[in-house]
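Hello,

Here is the structure you were waiting for. My notes follow below it.

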Amino acid sequence: MTLIDEYGHYINGRWVEPDAGRYDDIDPATEEVLGTAPDASTWQVGSAIAAARRAFDSGVWSGLAPEQRAKCLTQLGTALLEQADDIYALAQREWGCSANERMFHVEGPAVMATHSGELAVEPVEQEIDAWGASGTTLLRYEPLGVVSILTPWNFPHTLNVMKVGHALAAGNTVVLKPSPLAPLAGLALARIIDECTDIPPGVVNVVTPSGVEASRLLTTDPRVDMVSFTGSSAVGRDVMAGAATGMKRLLLECGGKSASIFLDDADVTDELLERVLFESLTMHAGQACILNSRLLLPDSLHDDVVDRLAEMARKVVVGNTIDPSVQMGPLISRAHLERVEGLVELAVRDGATVVAGGARPQHLDRGYFYEPTVLTDVTPDSHIAQEEVFGPVLTVLRYRDDDEAVAIANDSAYGLGGAVWASDVDRAVAVARRIRTGQVSINGTIAGDAPFGGFKQSGIGREGGLIGLHAYMEPKAIGVPA
(Lines give C-alpha, C1' and ligand atoms only; values in the text may rest on other atoms or scores of the structure.)
Protein backbone atom coordinates (compact mmCIF):
# COMPACT_ATOMS: atom_id res chain seq x y z
CA MET A 1 0.00 0.00 0.00
CA THR A 2 1.57 3.29 -1.11
CA LEU A 3 0.49 5.94 1.39
CA ILE A 4 2.06 8.90 -0.41
CA ASP A 5 -0.89 9.55 -2.69
CA GLU A 6 -3.36 12.20 -3.79
CA TYR A 7 -6.35 12.03 -1.49
CA GLY A 8 -9.68 13.73 -1.06
CA HIS A 9 -11.27 14.37 2.29
CA TYR A 10 -12.65 11.33 4.09
CA ILE A 11 -16.25 12.09 5.06
CA ASN A 12 -18.99 9.63 6.00
CA GLY A 13 -16.96 6.66 4.80
CA ARG A 14 -16.30 8.09 1.33
CA TRP A 15 -13.51 10.04 -0.36
CA VAL A 16 -14.77 13.50 -1.28
CA GLU A 17 -13.17 15.95 -3.68
CA PRO A 18 -12.10 19.22 -2.01
CA ASP A 19 -14.28 22.28 -2.53
CA ALA A 20 -11.44 24.77 -1.89
CA GLY A 21 -8.66 23.48 -4.15
CA ARG A 22 -5.42 21.82 -3.08
CA TYR A 23 -2.19 22.93 -1.44
CA ASP A 24 1.38 21.64 -1.60
CA ASP A 25 2.88 19.30 0.97
CA ILE A 26 6.64 20.00 1.14
CA ASP A 27 9.39 17.47 1.88
CA PRO A 28 11.43 19.35 4.55
CA ALA A 29 14.66 17.55 3.64
CA THR A 30 14.61 18.41 -0.06
CA GLU A 31 12.25 21.43 -0.22
CA GLU A 32 10.47 19.63 -3.07
CA VAL A 33 6.72 19.08 -3.34
CA LEU A 34 5.94 15.67 -1.90
CA GLY A 35 2.32 15.83 -2.97
CA THR A 36 -0.82 17.90 -2.60
CA ALA A 37 -3.51 17.85 0.05
CA PRO A 38 -7.20 18.74 -0.22
CA ASP A 39 -8.25 22.11 1.15
CA ALA A 40 -11.73 22.69 2.57
CA SER A 41 -14.20 25.50 3.07
CA THR A 42 -16.19 25.94 6.25
CA TRP A 43 -19.10 24.22 4.46
CA GLN A 44 -17.07 21.09 3.78
CA VAL A 45 -15.72 20.96 7.32
CA GLY A 46 -19.31 21.37 8.47
CA SER A 47 -20.34 18.37 6.37
CA ALA A 48 -17.72 16.25 8.17
CA ILE A 49 -19.08 17.42 11.53
CA ALA A 50 -22.60 16.57 10.36
CA ALA A 51 -21.52 13.06 9.37
CA ALA A 52 -19.95 12.49 12.78
CA ARG A 53 -23.05 13.86 14.48
CA ARG A 54 -25.38 11.55 12.56
CA ALA A 55 -23.15 8.57 13.24
CA PHE A 56 -23.12 9.27 16.96
CA ASP A 57 -26.82 10.01 17.28
CA SER A 58 -27.72 6.86 15.33
CA GLY A 59 -25.75 4.67 17.73
CA VAL A 60 -23.90 2.79 14.97
CA TRP A 61 -20.74 3.03 17.10
CA SER A 62 -21.74 3.92 20.67
CA GLY A 63 -24.52 1.33 20.47
CA LEU A 64 -22.15 -1.50 19.61
CA ALA A 65 -21.11 -3.95 22.27
CA PRO A 66 -17.72 -2.95 23.72
CA GLU A 67 -16.27 -6.18 22.36
CA GLN A 68 -17.24 -5.15 18.82
CA ARG A 69 -15.58 -1.74 19.19
CA ALA A 70 -12.52 -3.47 20.61
CA LYS A 71 -12.42 -5.80 17.59
CA CYS A 72 -12.38 -2.83 15.21
CA LEU A 73 -9.57 -1.11 17.11
CA THR A 74 -7.58 -4.35 17.20
CA GLN A 75 -8.05 -4.57 13.42
CA LEU A 76 -6.59 -1.08 13.18
CA GLY A 77 -3.59 -1.99 15.33
CA THR A 78 -2.92 -5.07 13.21
CA ALA A 79 -3.23 -3.11 9.97
CA LEU A 80 -0.86 -0.41 11.22
CA LEU A 81 1.76 -3.05 11.97
CA GLU A 82 1.26 -4.66 8.58
CA GLN A 83 1.70 -1.28 6.88
CA ALA A 84 4.65 -0.26 9.08
CA ASP A 85 7.17 0.04 6.25
CA ASP A 86 4.83 2.18 4.15
CA ILE A 87 4.05 4.39 7.16
CA TYR A 88 7.78 4.76 7.77
CA ALA A 89 8.36 5.77 4.14
CA LEU A 90 5.73 8.48 4.57
CA ALA A 91 7.20 9.55 7.92
CA GLN A 92 10.67 9.96 6.41
CA ARG A 93 9.40 12.17 3.61
CA GLU A 94 6.63 14.21 5.24
CA TRP A 95 8.01 15.01 8.68
CA GLY A 96 11.63 13.80 8.66
CA CYS A 97 11.52 10.68 10.82
CA SER A 98 14.96 9.07 11.18
CA ALA A 99 15.71 5.38 11.70
CA ASN A 100 16.47 5.83 15.41
CA GLU A 101 13.03 7.40 15.89
CA ARG A 102 10.98 4.84 13.96
CA MET A 103 9.58 3.11 17.06
CA PHE A 104 8.03 6.38 18.28
CA HIS A 105 6.52 7.27 14.90
CA VAL A 106 5.56 3.86 13.46
CA GLU A 107 5.42 0.76 15.66
CA GLY A 108 4.41 2.69 18.78
CA PRO A 109 1.14 3.96 17.28
CA ALA A 110 0.18 0.42 16.22
CA VAL A 111 0.57 -0.71 19.84
CA MET A 112 -1.49 2.31 20.94
CA ALA A 113 -4.36 1.31 18.64
CA THR A 114 -4.37 -2.23 19.99
CA HIS A 115 -4.29 -0.91 23.56
CA SER A 116 -7.27 1.31 22.75
CA GLY A 117 -9.12 -1.88 21.91
CA GLU A 118 -8.28 -3.21 25.37
CA LEU A 119 -9.55 0.00 26.97
CA ALA A 120 -12.82 -0.28 25.02
CA VAL A 121 -13.89 -3.24 27.16
CA GLU A 122 -13.06 -1.62 30.50
CA PRO A 123 -16.15 -1.48 32.77
CA VAL A 124 -18.01 1.81 32.43
CA GLU A 125 -20.17 1.45 35.54
CA GLN A 126 -19.34 0.75 39.16
CA GLU A 127 -20.84 1.13 42.61
CA ILE A 128 -19.21 3.84 44.70
CA ASP A 129 -19.41 4.91 48.31
CA ALA A 130 -21.26 8.22 48.43
CA TRP A 131 -21.73 10.13 51.67
CA GLY A 132 -25.38 10.77 52.49
CA ALA A 133 -26.75 8.30 49.93
CA SER A 134 -30.00 6.60 50.92
CA GLY A 135 -29.38 3.68 48.60
CA THR A 136 -26.70 2.61 46.16
CA THR A 137 -24.82 5.05 43.95
CA LEU A 138 -23.70 3.98 40.51
CA LEU A 139 -20.95 5.95 38.74
CA ARG A 140 -21.29 5.51 35.00
CA TYR A 141 -19.01 6.83 32.23
CA GLU A 142 -20.67 7.62 28.91
CA PRO A 143 -19.26 8.85 25.59
CA LEU A 144 -19.34 12.60 25.06
CA GLY A 145 -20.51 12.56 21.44
CA VAL A 146 -18.64 14.21 18.57
CA VAL A 147 -14.96 14.88 19.23
CA SER A 148 -12.93 17.19 17.01
CA ILE A 149 -9.26 16.21 17.03
CA LEU A 150 -6.63 18.80 16.10
CA THR A 151 -3.10 17.45 15.79
CA PRO A 152 0.33 19.00 15.10
CA TRP A 153 3.02 18.16 12.55
CA ASN A 154 5.79 16.87 14.80
CA PHE A 155 4.45 13.42 15.74
CA PRO A 156 1.42 13.40 13.45
CA HIS A 157 0.80 9.68 13.02
CA THR A 158 1.41 8.94 16.70
CA LEU A 159 -0.96 11.63 17.91
CA ASN A 160 -3.59 10.91 15.26
CA VAL A 161 -3.73 7.25 16.30
CA MET A 162 -3.58 7.94 20.04
CA LYS A 163 -6.39 10.49 20.04
CA VAL A 164 -8.62 8.69 17.55
CA GLY A 165 -8.08 5.41 19.38
CA HIS A 166 -9.04 6.77 22.79
CA ALA A 167 -12.02 8.71 21.45
CA LEU A 168 -13.35 5.63 19.66
CA ALA A 169 -12.69 3.33 22.61
CA ALA A 170 -14.91 5.64 24.67
CA GLY A 171 -17.72 5.33 22.09
CA ASN A 172 -17.41 8.73 20.43
CA THR A 173 -17.32 9.68 16.77
CA VAL A 174 -14.59 11.98 15.49
CA VAL A 175 -13.51 14.59 12.98
CA LEU A 176 -9.73 14.61 12.67
CA LYS A 177 -7.92 17.67 11.33
CA PRO A 178 -4.17 17.11 10.95
CA SER A 179 -1.71 19.95 10.53
CA PRO A 180 -1.38 21.43 7.01
CA LEU A 181 2.35 20.70 7.36
CA ALA A 182 1.68 16.95 7.70
CA PRO A 183 -1.72 16.34 6.10
CA LEU A 184 -0.92 12.99 4.49
CA ALA A 185 -0.44 11.38 7.90
CA GLY A 186 -4.11 11.88 8.72
CA LEU A 187 -5.35 10.95 5.26
CA ALA A 188 -3.23 7.79 5.22
CA LEU A 189 -4.76 6.80 8.56
CA ALA A 190 -8.22 7.30 7.06
CA ARG A 191 -7.27 5.03 4.16
CA ILE A 192 -6.14 2.26 6.49
CA ILE A 193 -9.32 2.62 8.57
CA ASP A 194 -11.42 2.52 5.40
CA GLU A 195 -9.73 -0.49 3.81
CA CYS A 196 -8.70 -2.58 6.82
CA THR A 197 -11.31 -2.19 9.57
CA ASP A 198 -15.03 -2.61 10.16
CA ILE A 199 -15.43 0.86 11.67
CA PRO A 200 -18.78 2.12 10.29
CA PRO A 201 -19.06 5.11 7.92
CA GLY A 202 -19.21 8.49 9.64
CA VAL A 203 -17.48 7.32 12.81
CA VAL A 204 -14.09 8.66 11.64
CA ASN A 205 -13.91 11.67 9.33
CA VAL A 206 -10.70 13.37 8.19
CA VAL A 207 -10.50 16.86 6.67
CA THR A 208 -7.39 18.91 5.95
CA PRO A 209 -8.33 22.59 5.69
CA SER A 210 -5.45 25.07 5.54
CA GLY A 211 -7.48 28.17 6.42
CA VAL A 212 -8.12 29.56 9.88
CA GLU A 213 -11.89 29.96 9.54
CA ALA A 214 -12.53 26.43 8.33
CA SER A 215 -10.31 25.05 11.09
CA ARG A 216 -11.90 27.22 13.76
CA LEU A 217 -15.30 25.69 13.01
CA LEU A 218 -14.06 22.52 14.67
CA THR A 219 -13.78 24.43 17.96
CA THR A 220 -16.99 26.49 17.72
CA ASP A 221 -19.63 24.38 15.95
CA PRO A 222 -22.42 23.48 18.40
CA ARG A 223 -22.58 19.93 17.01
CA VAL A 224 -19.10 19.27 18.46
CA ASP A 225 -19.08 18.12 22.10
CA MET A 226 -15.33 17.98 22.78
CA VAL A 227 -12.10 19.36 21.35
CA SER A 228 -8.88 17.37 21.75
CA PHE A 229 -5.88 19.46 20.77
CA THR A 230 -2.11 19.05 20.77
CA GLY A 231 0.08 21.98 19.75
CA SER A 232 1.57 25.21 20.98
CA SER A 233 0.26 26.93 24.09
CA ALA A 234 -0.56 30.06 22.06
CA VAL A 235 -2.84 28.14 19.70
CA GLY A 236 -4.17 26.12 22.63
CA ARG A 237 -5.42 29.32 24.22
CA ASP A 238 -7.26 30.21 21.00
CA VAL A 239 -8.79 26.73 20.88
CA MET A 240 -9.88 27.11 24.49
CA ALA A 241 -11.51 30.46 23.75
CA GLY A 242 -13.40 29.05 20.76
CA ALA A 243 -14.59 26.01 22.68
CA ALA A 244 -15.79 28.20 25.55
CA THR A 245 -18.63 29.58 23.41
CA GLY A 246 -20.39 26.23 23.71
CA MET A 247 -18.77 25.10 26.96
CA LYS A 248 -17.24 22.15 25.13
CA ARG A 249 -15.14 19.63 26.97
CA LEU A 250 -11.44 20.16 26.38
CA LEU A 251 -8.24 18.17 26.31
CA LEU A 252 -5.24 20.40 25.65
CA GLU A 253 -1.67 19.11 25.43
CA CYS A 254 0.50 22.14 24.78
CA GLY A 255 4.08 23.37 25.04
CA GLY A 256 6.93 22.50 27.34
CA LYS A 257 10.28 23.76 28.58
CA SER A 258 11.13 20.80 30.73
CA ALA A 259 14.21 20.49 32.93
CA SER A 260 16.61 17.58 33.29
CA ILE A 261 18.44 17.82 36.63
CA PHE A 262 21.76 16.13 37.34
CA LEU A 263 22.19 15.89 41.11
CA ASP A 264 25.79 16.10 42.29
CA ASP A 265 25.98 12.36 42.99
CA ALA A 266 24.92 11.34 39.46
CA ASP A 267 27.08 8.71 37.73
CA VAL A 268 27.68 10.55 34.45
CA THR A 269 28.53 7.77 32.02
CA ASP A 270 28.79 8.19 28.25
CA GLU A 271 25.62 6.10 27.93
CA LEU A 272 23.79 8.55 30.17
CA LEU A 273 24.97 11.54 28.15
CA GLU A 274 24.01 9.88 24.87
CA ARG A 275 20.52 9.34 26.24
CA VAL A 276 20.29 12.91 27.51
CA LEU A 277 21.48 14.21 24.14
CA PHE A 278 18.67 12.31 22.41
CA GLU A 279 15.92 13.09 24.92
CA SER A 280 16.89 16.75 25.27
CA LEU A 281 18.17 17.74 21.86
CA THR A 282 18.22 15.47 18.82
CA MET A 283 14.97 13.49 18.98
CA HIS A 284 13.05 14.65 15.90
CA ALA A 285 15.43 17.62 15.67
CA GLY A 286 14.18 18.91 19.00
CA GLN A 287 10.61 19.19 17.70
CA ALA A 288 8.87 17.54 20.64
CA CYS A 289 7.08 19.24 23.51
CA ILE A 290 8.17 16.57 25.99
CA LEU A 291 11.92 17.08 25.44
CA ASN A 292 13.96 18.18 28.44
CA SER A 293 15.36 21.24 26.67
CA ARG A 294 16.89 22.72 29.86
CA LEU A 295 19.79 20.88 31.50
CA LEU A 296 20.48 21.86 35.12
CA LEU A 297 24.01 21.08 36.35
CA PRO A 298 25.76 21.63 39.69
CA ASP A 299 29.11 23.41 39.57
CA SER A 300 30.95 20.17 40.32
CA LEU A 301 29.70 18.53 37.11
CA HIS A 302 29.10 21.51 34.81
CA ASP A 303 32.31 21.88 32.82
CA ASP A 304 32.95 18.17 32.30
CA VAL A 305 29.35 17.43 31.23
CA VAL A 306 29.21 20.42 28.88
CA ASP A 307 32.49 19.48 27.19
CA ARG A 308 31.41 15.88 26.67
CA LEU A 309 27.92 16.77 25.46
CA ALA A 310 29.31 19.33 23.02
CA GLU A 311 31.67 16.75 21.57
CA MET A 312 28.80 14.28 21.14
CA ALA A 313 26.57 16.93 19.56
CA ARG A 314 29.21 17.73 16.94
CA LYS A 315 29.30 14.05 15.91
CA VAL A 316 25.54 13.70 15.29
CA VAL A 317 24.88 12.82 11.63
CA VAL A 318 22.41 15.36 10.25
CA GLY A 319 20.71 14.95 6.88
CA ASN A 320 17.91 13.47 4.81
CA THR A 321 16.40 10.61 6.82
CA ILE A 322 16.00 8.35 3.81
CA ASP A 323 19.70 7.68 4.52
CA PRO A 324 19.67 5.06 7.33
CA SER A 325 22.91 6.44 8.79
CA VAL A 326 21.31 9.82 9.53
CA GLN A 327 20.61 10.40 13.22
CA MET A 328 18.76 13.72 13.01
CA GLY A 329 16.56 15.07 10.25
CA PRO A 330 15.26 18.51 9.26
CA LEU A 331 13.02 21.06 10.88
CA ILE A 332 9.53 21.09 9.40
CA SER A 333 9.60 24.31 7.35
CA ARG A 334 11.70 27.29 6.33
CA ALA A 335 9.68 29.57 8.60
CA HIS A 336 10.35 27.31 11.57
CA LEU A 337 14.06 27.07 10.73
CA GLU A 338 14.30 30.85 10.66
CA ARG A 339 12.48 31.06 14.00
CA VAL A 340 14.97 28.68 15.64
CA GLU A 341 17.89 30.61 14.15
CA GLY A 342 16.46 33.84 15.49
CA LEU A 343 16.06 32.49 19.01
CA VAL A 344 19.68 31.30 19.12
CA GLU A 345 20.91 34.65 17.78
CA LEU A 346 18.88 36.44 20.47
CA ALA A 347 20.35 34.16 23.14
CA VAL A 348 23.89 35.04 22.02
CA ARG A 349 23.06 38.75 22.15
CA ASP A 350 21.76 38.17 25.68
CA GLY A 351 25.09 36.67 26.74
CA ALA A 352 24.80 32.94 25.97
CA THR A 353 27.81 31.02 24.66
CA VAL A 354 27.44 28.53 21.80
CA VAL A 355 29.62 25.53 22.64
CA ALA A 356 28.31 23.35 19.81
CA GLY A 357 26.26 24.01 16.69
CA GLY A 358 24.50 27.31 16.32
CA ALA A 359 24.20 27.33 12.51
CA ARG A 360 22.89 25.51 9.46
CA PRO A 361 25.09 22.53 8.46
CA GLN A 362 27.56 23.66 5.82
CA HIS A 363 27.50 20.33 3.98
CA LEU A 364 23.76 20.56 3.23
CA ASP A 365 22.67 23.08 0.63
CA ARG A 366 18.98 22.09 0.61
CA GLY A 367 16.45 21.36 3.30
CA TYR A 368 15.54 22.95 6.61
CA PHE A 369 18.44 21.67 8.70
CA TYR A 370 20.00 23.10 11.85
CA GLU A 371 22.97 21.80 13.80
CA PRO A 372 22.51 20.26 17.26
CA THR A 373 23.21 23.27 19.47
CA VAL A 374 24.35 23.53 23.09
CA LEU A 375 24.20 26.89 24.90
CA THR A 376 25.84 27.81 28.21
CA ASP A 377 26.23 31.00 30.28
CA VAL A 378 22.46 31.33 30.36
CA THR A 379 20.45 32.85 33.20
CA PRO A 380 17.18 31.20 34.30
CA ASP A 381 15.13 34.28 33.42
CA SER A 382 16.61 34.78 29.93
CA HIS A 383 14.41 34.44 26.88
CA ILE A 384 16.11 31.25 25.68
CA ALA A 385 15.59 29.62 29.09
CA GLN A 386 11.90 30.54 29.12
CA GLU A 387 10.76 30.21 25.50
CA GLU A 388 9.97 26.86 23.90
CA VAL A 389 12.41 26.70 20.96
CA PHE A 390 11.04 23.49 19.42
CA GLY A 391 14.34 22.83 17.72
CA PRO A 392 17.68 21.09 18.41
CA VAL A 393 18.79 23.57 21.07
CA LEU A 394 19.79 22.59 24.62
CA THR A 395 20.07 25.33 27.24
CA VAL A 396 22.46 24.53 30.11
CA LEU A 397 22.05 26.25 33.49
CA ARG A 398 24.11 26.08 36.69
CA TYR A 399 22.66 25.62 40.16
CA ARG A 400 24.08 25.55 43.73
CA ASP A 401 21.92 23.08 45.65
CA ASP A 402 18.74 21.01 45.38
CA ASP A 403 16.51 23.91 46.43
CA GLU A 404 17.86 26.13 43.67
CA ALA A 405 17.54 23.31 41.12
CA VAL A 406 13.87 22.92 41.98
CA ALA A 407 13.34 26.68 41.87
CA ILE A 408 14.91 26.94 38.40
CA ALA A 409 12.94 23.94 37.11
CA ASN A 410 9.71 25.54 38.34
CA ASP A 411 10.60 28.98 36.96
CA SER A 412 8.66 28.41 33.76
CA ALA A 413 5.22 29.05 32.33
CA TYR A 414 5.21 25.39 31.36
CA GLY A 415 5.09 22.14 33.32
CA LEU A 416 5.00 19.13 31.01
CA GLY A 417 7.96 16.82 31.65
CA GLY A 418 11.24 16.53 33.48
CA ALA A 419 13.98 14.20 34.64
CA VAL A 420 16.22 13.71 37.66
CA TRP A 421 19.50 11.78 37.53
CA ALA A 422 21.15 10.67 40.80
CA SER A 423 22.74 7.75 42.61
CA ASP A 424 20.51 8.32 45.64
CA VAL A 425 17.06 7.41 44.29
CA ASP A 426 15.21 8.56 47.41
CA ARG A 427 16.80 11.97 47.09
CA ALA A 428 15.88 12.09 43.40
CA VAL A 429 12.26 11.18 44.15
CA ALA A 430 12.13 13.93 46.79
CA VAL A 431 13.30 16.43 44.17
CA ALA A 432 10.82 15.07 41.60
CA ARG A 433 7.92 15.52 44.02
CA ARG A 434 8.71 19.25 44.25
CA ILE A 435 8.79 19.88 40.50
CA ARG A 436 5.53 21.36 39.16
CA THR A 437 5.17 19.22 36.08
CA GLY A 438 3.01 16.44 34.66
CA GLN A 439 5.59 13.66 34.60
CA VAL A 440 9.15 13.15 35.81
CA SER A 441 11.50 10.26 35.05
CA ILE A 442 14.07 9.13 37.62
CA ASN A 443 17.29 7.82 36.08
CA GLY A 444 15.49 7.29 32.79
CA THR A 445 12.58 5.29 34.18
CA ILE A 446 9.58 5.88 31.92
CA ALA A 447 6.17 6.01 33.57
CA GLY A 448 4.63 3.67 30.96
CA ASP A 449 0.93 4.00 30.14
CA ALA A 450 0.50 6.65 32.80
CA PRO A 451 -1.63 9.78 32.41
CA PHE A 452 0.18 12.23 30.12
CA GLY A 453 -0.35 15.96 30.29
CA GLY A 454 0.92 19.11 31.91
CA PHE A 455 0.67 21.72 34.62
CA LYS A 456 0.28 25.44 33.96
CA GLN A 457 0.40 26.44 30.27
CA SER A 458 1.35 22.93 29.22
CA GLY A 459 -2.31 22.05 28.99
CA ILE A 460 -5.51 20.79 30.57
CA GLY A 461 -6.45 17.14 31.10
CA ARG A 462 -4.58 13.88 30.64
CA GLU A 463 -4.20 11.25 27.92
CA GLY A 464 -3.14 7.65 28.35
CA GLY A 465 -4.50 4.72 30.31
CA LEU A 466 -7.90 4.59 31.99
CA ILE A 467 -7.73 8.25 33.05
CA GLY A 468 -7.06 9.15 29.42
CA LEU A 469 -10.06 7.08 28.31
CA HIS A 470 -12.30 8.83 30.85
CA ALA A 471 -11.12 12.20 29.48
CA TYR A 472 -13.24 11.36 26.42
CA MET A 473 -16.27 10.44 28.54
CA GLU A 474 -18.77 12.13 30.84
CA PRO A 475 -19.37 10.76 34.37
CA LYS A 476 -22.95 10.24 35.50
CA ALA A 477 -24.07 9.44 39.03
CA ILE A 478 -27.22 7.29 39.42
CA GLY A 479 -28.94 6.89 42.78
CA VAL A 480 -30.60 3.46 43.14
CA PRO A 481 -33.01 2.74 46.02
CA ALA A 482 -31.88 0.20 48.58
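**Strand S12 and its surroundings**

Strands S12 and S18 (residues 418–421) pair in the parallel sense, with four bridges between them. Within S18, Ala419 is the bridge partner of Ser260. Please keep in mind that this is a predicted model.

S12 also pairs with strand S13 (residues 294–298). These two run parallel as well, joined by three bridges. Here Ala259 has Arg294 of S13 as its bridge partner. Helix H9 (residues 270–282) belongs to this part too: S12, H9 and S13 form a right-handed β-α-β unit.

Is S12, residues 259–262, covered or open on its faces? Both faces are covered. Ala259 and Ile261 lie on one side, Ser260 and Phe262 on the other, and all four are buried. In a regular strand, side chains alternate between the two faces of the sheet.

Next, the packing. The largest nonpolar core has 61 residues. Ile261 and Phe262 are among those with the most contacts inside it, as are Leu263, Leu295, Leu296, Val305 and Val420. Helix H10 (residues 299–314) supplies the largest share of this core, seven residues. A second, separate core has 60 residues, including Leu3, Tyr10, Ala84 and Met473.

Phe262 deserves a look on your screen. Leaving aside neighbours within four places in sequence, Phe262 is in contact with Val268, Leu272, Leu273 and Val276, among others. Its contacts also include Leu295, Leu296, Leu297, Pro298, Leu301 and Val305. Tyr399 and Trp421 complete the list for Phe262.

Best wishes

Terms used: Residues numbered from 1 in each chain as written. Predicted model: local features only at pLDDT ≥ 70, side-chain atom pairs only at ≥ 80, totals over all residues. Heavy atoms only, no water. Core = buried A, V, L, I, M, F, W, Y, C linked by side-chain atoms within 4.5 Å. Buried < 20%, exposed > 50% of the residue type's maximum accessible area, 1.4 Å probe, protein only. Contact = heavy atoms within 4.5 Å. Pairing = 2+ DSSP bridges. Right-handed = clockwise from strand over helix to strand, strands pointing away.
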